[in-house]
Amino acid sequence: MTTSVKNNFLPPSLISNLQQVLIRRNNGVGEEEQSKSKESSNGNSSSNEAVVEKPVILVTNGEGIESPGLTLLVEALVRDSRFNVHVCAPHLDKSASGHSVTVRETLAVSSVEISGATAYEVSGTPADCVSLALSGALFSWLKPVLVISGINKGSSCGHKMFYSGAFAGAREALISGVPSLCISLNWKQDVSCETDLKDAASVCLPLIIAAVADIEKGIFPKSCLLNVDIPSCPLRNKGLKVTRQSMWRCSLSWQAVSANRHPSVGHFMSNQQSLGMRLAQLSRDASAAGAARRLNSHRKNVEIESIGVAGKFNAHQTVKKYFRLELLEKEPQNMDEDLDFRALEDGFVAITPFSLSLTMQSEFQTLVSNWISAAIDTEQ
């Protein structure tokens, strides 16, 4: 069965049975794997060898390794028992870090306990985590079958893809030649709860299982990642819809703040400056420019809260301002039905293919639509 780009979502009759079909298909695969495992255990193979033979999945995210979305996804993957699950995720929340990588600094990596998985936290960005994990310097395996970034709170629709640290983790895998998924839940403030994240994990699990099976068969769409956005009520979703990236974006609102009204701002800046000064002290001492900068440390700081600077300041004063960025979401208008944000708001699981080649985006939409349709047709 093929699906055109113009009408690139699955027929209603097909959508209604999608998850049940994938679950039946994957249960069959699971039973077959369990049978092979039993046969192997009765032969010369050890239980350790059986674990090694499982396909390896690498999980990362943008919100930090302690986020419930990552934990619930890892637990669902481990509980399914088909995969050898590894985790490499940021120590802290890096949600809007984009595709930034850390250079000229040393990253700290620590092992953490996540039941049933081999896990590390990294003092870097999601892109750092995936790059490090795939480099061979941290894990002993050659490379995973699939990289998953998620489950993240808030959608990655439209231009949010470019700001999202979670999406950057999946994109880093794509750059390295490894298939990847970025999974997000359309989190609603004061409405959504942790149970929704658990439901989102169960909703996307059949898709993950089907993807891994077809990657190993060589029939999964190549050279693209799938951006998967799950609606706010995961269990009431209307099915999967292959979508196009919309032009929707958040408004960036910069607000001037005062260190007096927000003491944590001054404390944070002071700590960061102090740390930076200690780390760079040797290089400063070795340069005349550094010596000149140290003379300026005696200048008086003048903190202001305004867009412009009023009055004049003498040579011994330094003007210091503080700003805070807020992301303001707007409701899009007049959006086509096959765009990611519209499909998500309509209750569909929006699957947006992303390629490093922008000229081939429509081609990948067709490939992904055909792949999902074929995954269903094999059971009918």
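# Notebook: a look around the predicted model

I opened with Ala108, which is partly exposed at a relative accessible area of 47%. For the record, I call a residue buried under 20% relative accessible area, exposed over 50% and partly exposed in between, with a 1.4 Å probe and protein chains only. This is a predicted model, in which local features need pLDDT of at least 70 and side-chain atom pairs count only at pLDDT 80 or more, while totals for chains, interfaces and linings use all residues. Residues are numbered from 1 along each chain as its sequence is written, and side-chain values use heavy atoms, with hydrogens and water left out.

**Entry: around Ala108.** I placed Ala108 in the loop between β2 (84-90) and β3 (109-114). My helices (H or I, at least four residues) and strands (E, at least two) are DSSP runs, numbered from the N terminus. Setting aside neighbours within four places in sequence, I found Ala108 in contact with Glu121, Val122 and Ser123; contact here means heavy atoms within 4.5 Å. I also checked Gly124, 16 residues from Ala108 along the chain, and the two C-alpha atoms are separated by 8.1 Å.

**Entry: Ser67 and helix α3.** Next I went to Ser67, in the loop between β1 (56-60) and α3 (68-80). Is Ser67 buried or exposed? Ser67 is buried, with a relative accessible area of 7%. Its side chain makes a polar contact with the side chain of Asn61, at 2.7 Å. I count a polar contact as a pair of N or O atoms within 3.5 Å; within protein, one must be able to donate a hydrogen and the other to accept it, and residues adjacent in sequence count only if both atoms are side-chain atoms.

Then I checked the length of α3. Its 13 residues should span 18 Å at 1.5 Å a residue, and the end C-alpha atoms are 18 Å apart, which agrees. The expected span is 1.5 Å times one less than the number of residues. The buried residues of α3 include Gly69, Leu70, Leu77 and Asp80. Among the elements covering them I noted β1, β2, β3 and α7 (194-217). Just after α3, Ser81 takes a positive phi of about 70 degrees.

**Entry: helix α4.** Seven of the 10 residues of α4 (residues 126-135) are buried, so this helix is largely enclosed by the rest of the structure. Pro126, Asp128 and Cys129 are among the buried ones. Their cover includes β4, β5 and α6 (165-175). Just after α4, Gly136 has a positive phi of about 90 degrees.

**Entry: cores.** In soluble globular proteins, nonpolar side chains tend to be buried together. I define a nonpolar core as a set of buried Ala, Val, Leu, Ile, Met, Phe, Trp, Tyr and Cys residues joined through side-chain atoms within 4.5 Å. The largest has 49 residues, and Leu77, Val87 and Ile208 have the most contacts inside it. Helix α7 gives the most to this core, with 13 residues. Leaving out neighbours within four places in sequence, I listed the contacts of Ile208: Ile57, Leu73, Leu77, Leu146, Ile148, Leu181 and Ile183. A second, separate core of 13 residues includes Leu58, Cys129, Ala133 and Trp141.

**Entry: cysteines.** How many disulfides are there in the whole structure? My search found zero, taking a disulfide as a pair of cysteine sulfur atoms within 2.5 Å. Cys88 is in no disulfide, and the nearest cysteine sulfur, that of Cys129, is 4.5 Å away. Cys88 is buried at 1% relative accessible area, and Cys182 is buried at 0%.

**Entry: salt bridges.** Side chains of opposite charge can pair when their charged atoms come close. I found four salt bridges in the structure, each a side-chain nitrogen of Lys or Arg within 4 Å of a carboxyl oxygen of Asp or Glu.

- Asp80 pairs with Arg82, with the closest N and O atoms 2.5 Å apart, and both residues are buried.
- Glu345 meets Lys188 at 3.5 Å, N to O. Glu345 lies in helix α11 (residues 340-345) and Lys188 in the loop between β6 (180-185) and α7, so the pair ties together parts that are 157 residues apart in sequence. Glu345 is partly exposed at 35% relative accessibility, and Lys188 is partly exposed at 30%.
- Asp214 meets Lys217 at 4.0 Å, N to O. The two are three residues apart in helix α7, so about one helical turn separates them. Asp214 is buried at 2%, whereas Lys217 is exposed at 58%.
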